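Colleague: I have the model open on my screen. Could you take me through it?

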Amino acid sequence: DIDGDGILNEDDAFPEDPDESSDIDGDGIGDNADTDADGDGVENTSDCDDFDAETYPLASDSPDKDYIDSNCDGIDGDESLAIWVSNTEGTDTNDGSIASPVKTIAKGIELAKALSTTSAHVYVVAGSYAEDVLLNSDVSLFGGFATLSAGTRDRHVENHETAIYGVDSLDSVDVVFDGTTQSLHYSLLIRDTLSEVGGLSIHGDIEGLNVIIVDANVTFEQIQVIDDTDDVITREGTAGMTVVLTDTAASDYSVTVSQSSFLMSGSAPTAGWISAVLAVPADGANAALELNINNNTFNFEGTVDLAMGIFAADNDSDASDDPATDGKASISLVASENEINLIGTADIAIGISMGAVPDGMFGSSMDWYFLNQALVEKNTITIANSSSANLGLSAGFVRLESEISNNLIITNSDGAE
């Protein structure tokens, strides 16, 4: 320690200067003398974090799992982009400001779409919201906020639970499968948009598919998807999250889900099926989907014929076709570091199904046997109590070079592992 500042020479950026020992931005000026220590373009006197180059006034700030106030406005998020919703403090005649929230999520989205920005946010305060929610027009939706205190609102997803409860048999979206129009009920429908969703618990109704994404680019973080009805669901099959391609143009879409949990505990009628995440094309779809499912937890506890954690398949049966002109959709899957627990009662249980349709699912004539590409790694899959077949991973035809590696599969039937 040549300069006697208490920092060993090998750890001291200025070993001969007792007044300096670090240079975070590497500009050759010690942090104590540097008026912009982190090199983010904002002087220390105006910066809320002098030692983080990603945190400064006017920085991009979407609510995140670490609750970081990246733009120094006092909240986890960007108040300048936000409409606020609180079913205990608000009324739908309010303006949606932080101190004057609206009451319903639907009204919040309506006001957000009218803002003069291309990336408006809706921030939802803790509570239970009984409504079917339609998210579109590049609006993002975040929960986990507290009631107003000292002019601001704390955010913590676990401490301030924000729950959407789908209304039984209310809103639906029509999608054509195998020549038949099906009306799919939902709690949250995300359509034709570029959006982020985080910090919400989404509960399905007895007819719904919980979350439905149609032709959209969406990033989910810290959500809970829960099908916890005590009754037998009224449909043949159900999914916590259903991603559907309907676009007849050769468009590209991406859906990413991380740091989230799925609980599927409902039961289906005879020959019923259930999947936590389901990705498929509708008739005539020609778009491409990249589905990224990483660092999530999936639990199935119901009673069905067929239970799956993740199912993804498309209808492009010829790898030599030009994807832009063949009139077929293509789906690629990345699934890594997920924990999938299929511990309910099922005749067949599949942890991750890639481009393979089990017998009788969706009708006998569906042509979803293919997948464009797959990277499936470091997942832990536990299957128990299924009576006929336990399949940790199931793959049909995958067109491009793919990788399935380092997955742990545990099966347990009648106590025998």
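Colleague: Which residues lie nearest the centre of the second largest pocket?

Modeller: V157, E158, Q222, I223 and Q224 do, out of 15 lining residues. A pocket here is an open set of points on a 1 Å grid over the protein atoms alone, where a 1.4 Å probe fits, with protein on both sides within 12 Å along at least five of seven lines; lining residues have an atom within 4 Å of a point. This is a predicted model, in which local features need pLDDT of at least 70 and side-chain atom pairs count only at pLDDT 80 or more, while totals for chains, interfaces and linings use all residues. Residues are numbered from 1 along each chain as its sequence is written, and side-chain values use heavy atoms, leaving out hydrogens and water.

Colleague: What is the volume of that second largest pocket?

Modeller: The volume is about 210 Å³, taken as the space filled by probe spheres set on the points, which are joined across faces, edges and corners.

Colleague: Now strand β7. Which of its side chains are buried?

Modeller: In β7 (residues 172-177), V173, V175 and F177 point to one face and are buried, that is, under 20% relative accessible area with a 1.4 Å probe, protein chains only. Strands are DSSP runs of E, at least two residues, numbered from the N terminus.

Colleague: How many bridges join β7 and β8?

Modeller: There are 6, in the antiparallel sense; strands pair if DSSP finds at least two bridges between them. V176 has T181 in β8 as its bridge partner.

Colleague: And where is the positive phi in that hairpin?

Modeller: At D178, near 55 degrees. The hairpin has 2 residues between the strands.

Methods
Buried < 20%, exposed > 50% of the residue type's maximum accessible area, 1.4 Å probe, protein only. Helix = DSSP H or I, 4+ residues; strand = E, 2+ residues; numbered from the N terminus.
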